[in-house]
Amino acid sequence: MNSETSGVVSAPPVPDRSILAPATAEFANLVERLVASAEQCRGEPQAMLATLGEDAISPEDFPLPGEHTLALWELLAEVAATDLVAARTLEPHLDALAITAQSPEPVPAKGTWGVYAAEGGDSPLTAHHHLGSAADVHLNGVKPWCSLAGSLDAALVTAHTDEGRQLFAIDLHHPGVQVERVRWVSRGLAHVPSGPIRFDNVPATAVGAVGWYFDRPGFAWGGAGVAACWFGGAVGVYRDLVSAAAQRPPDQIGFALLGRAARLVRTGKTALTDAAERVDNASFDWPDSLALRSTIADICADVLEISGVARSPSALAFDDVHARRVADLAMYLQQHHGGRDDAALGEFIVRDDPWHALTGPSTLVAKS
C-alpha cells in the first residue's frame, strides 16, 4: 500500500552521505556522534576536543585498522567532508589509540591524544634513563610540528636513544612540557597551530622497543588513514561543485570540469576501498602506503584546481564554508611529502624485493 492510498505521507528518504561504504551497524552511532561534532566545529577544534574528552573513546569503541579498516577510513572521510579541522583533531587521536592497542605492553589512553613523530631543528628530542634506572625514562629537547599540543592531554612522541628512535607516551600537562608560542598565520587549518614543544626532564613511558613504532604494519596503515582525511576534504569540495552546478547549470566547459572531478572522486574511492581490504588481509606495507598517499594527494590537488576554475571568485570571497574548506584542504595536503615519497617508492622498486606496480601489493615492512 502506498502513501496515496493509505493517507499516510512517507518521510523523505535520508540522504546517504557515505563516501567509501555505508557505516556498519556496529559503528553507526559513533559515526553519527563524531559527524555531529564536526558540524559544530566550523573551522575550530573545540567541539571535537570536547566530544573526545567526554566520550572517552576506547580501542574497543571504534573501528581499528587491520580489523575494520574500511569502516575507520569511512569515519575519517565523513568527518573530513564535514569539517577538516575536526578531522585534523580526530585522526591523530584515533591513531594514538590504535597504536596503544597494537603495543606489546598495555598503555592507558585517557583524555585527548596527539602523535608527534616529525624530526627537525638543532635540539632533537632525546630519551635518557633517569638516575641509572632502566625503567625511569625522561625526555629532553625540542619536538617540532606538534599540532594542538596546548589543547591535548597526552601524546605519543618519538625520541632518540643510543640504540635508535623509540616511541614514548607523555603527559602534556607535566610542568616540564613547554608548548612554544608561534605566530601561526596560516589561513588553512587556522585554529590548529602546529608549533614546537620543549621538553625539560619530562617523564615518559616506552611504547614498544626501539624501532617498533616504525617496523610495525600499523605504521603504513596510519599513514594511509591521513589520506582518507584528505580524500574526505576533496569530496567536500566536489559536493560544493555539484551543488553549485545544480543551482546554476554550467556551460559545456563547466560540465566537462564536473565530469572530470567525478572521475577523480571515483578513482580515489576505488583506491581507498581496495587498500582497506588489503590492510585487513595483511598485504599492505609501507610502499603501498606511499603509493596510496601520493595518488590521493594528486586527486585532491586536481579537485581543488578544478573547483577554482569551475566556480566564480564569489565562491571563495563570500561562501565561508567553501572558502574555509579549500584553504584547510590545501594546508592539510602539506603533510604529504610529494616527490620525496615518490623517490622513496622508486628506491623500493629497484631493490632485490621490489614493489611492483602491476603485480599487486608488496610484502615489504617499513624500515624508516
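Here are a few notes on this predicted model, starting with the core and moving out to the spaces in it.

1. Ground rules. Since the model is predicted, local features need pLDDT of at least 70 and side-chain atom pairs count only at pLDDT 80 or more, while totals for chains, interfaces and linings use all residues. Numbering runs from 1 along each chain as its sequence is written, and side-chain values use heavy atoms, with hydrogens and water left out.

2. The core. The largest nonpolar core has 110 residues, and Trp73, Val79 and Leu139 touch the most other members. Helix H7 (residues 218-247) brings the largest share of this core, 16 residues. A core here is a set of buried Ala, Val, Leu, Ile, Met, Phe, Trp, Tyr and Cys residues joined through side-chain atoms within 4.5 Å; buried is under 20% relative accessible area, exposed over 50%, and partly exposed in between, with a 1.4 Å probe and protein chains only. Helices (H or I, at least four residues) and strands (E, at least two) are DSSP runs, numbered from the N terminus.

3. Val79 up close. Leaving aside residues up to four places away in sequence, Val79 touches Leu34, Val35, Ala38, Met48, Ala86, Ala87 and Leu90. Contact means heavy atoms within 4.5 Å.

4. Helix H7. H7 has 30 residues and reaches 44 Å from its first C-alpha to its last, close to the 44 Å expected at 1.5 Å a residue (the expected span being 1.5 Å times one less than the number of residues). Of those 30 residues, 24 are buried, so H7 is largely enclosed by the rest of the structure.

5. The largest pocket. About 1300 Å³ of space lies in it. It has 43 lining residues, and Ala117, Ala118, Arg293, Gln335 and His337 are the closest to its centre. Elements supplying at least two lining residues each include helix H5 (84-102), strand S3 (137-147), H7 and helix H9 (286-310). By class, this lining has 22 nonpolar, 12 polar and 9 charged residues. Ala, Val, Leu, Ile, Met, Phe, Trp, Tyr, Cys and Pro count as nonpolar, Asp, Glu, Lys and Arg as charged, and the others, Gly among them, as polar.

6. How spaces are defined. On a 1 Å grid over the protein atoms alone, a cavity is a set of points where a 1.4 Å probe fits but cannot get out, a pocket is an open set with protein on both sides within 12 Å along at least five of seven lines, and lining residues have an atom within 4 Å of a point. Grid points are joined across faces, edges and corners, and a volume is the space filled by probe spheres set on the points.

7. The second largest pocket. This one holds about 370 Å³. Ala244, Arg248, Ala310, Arg311 and Ser312 lie nearest its centre, out of 15 lining residues. H7 gives the most to this lining, with 4 residues.

8. Gln178. This residue sits in strand S6 (residues 177-179) and is partly exposed, with a relative accessible area of 39%. Not counting residues up to four places away in sequence, Gln178 touches Pro196, Ile197, Arg198 and Asp200.
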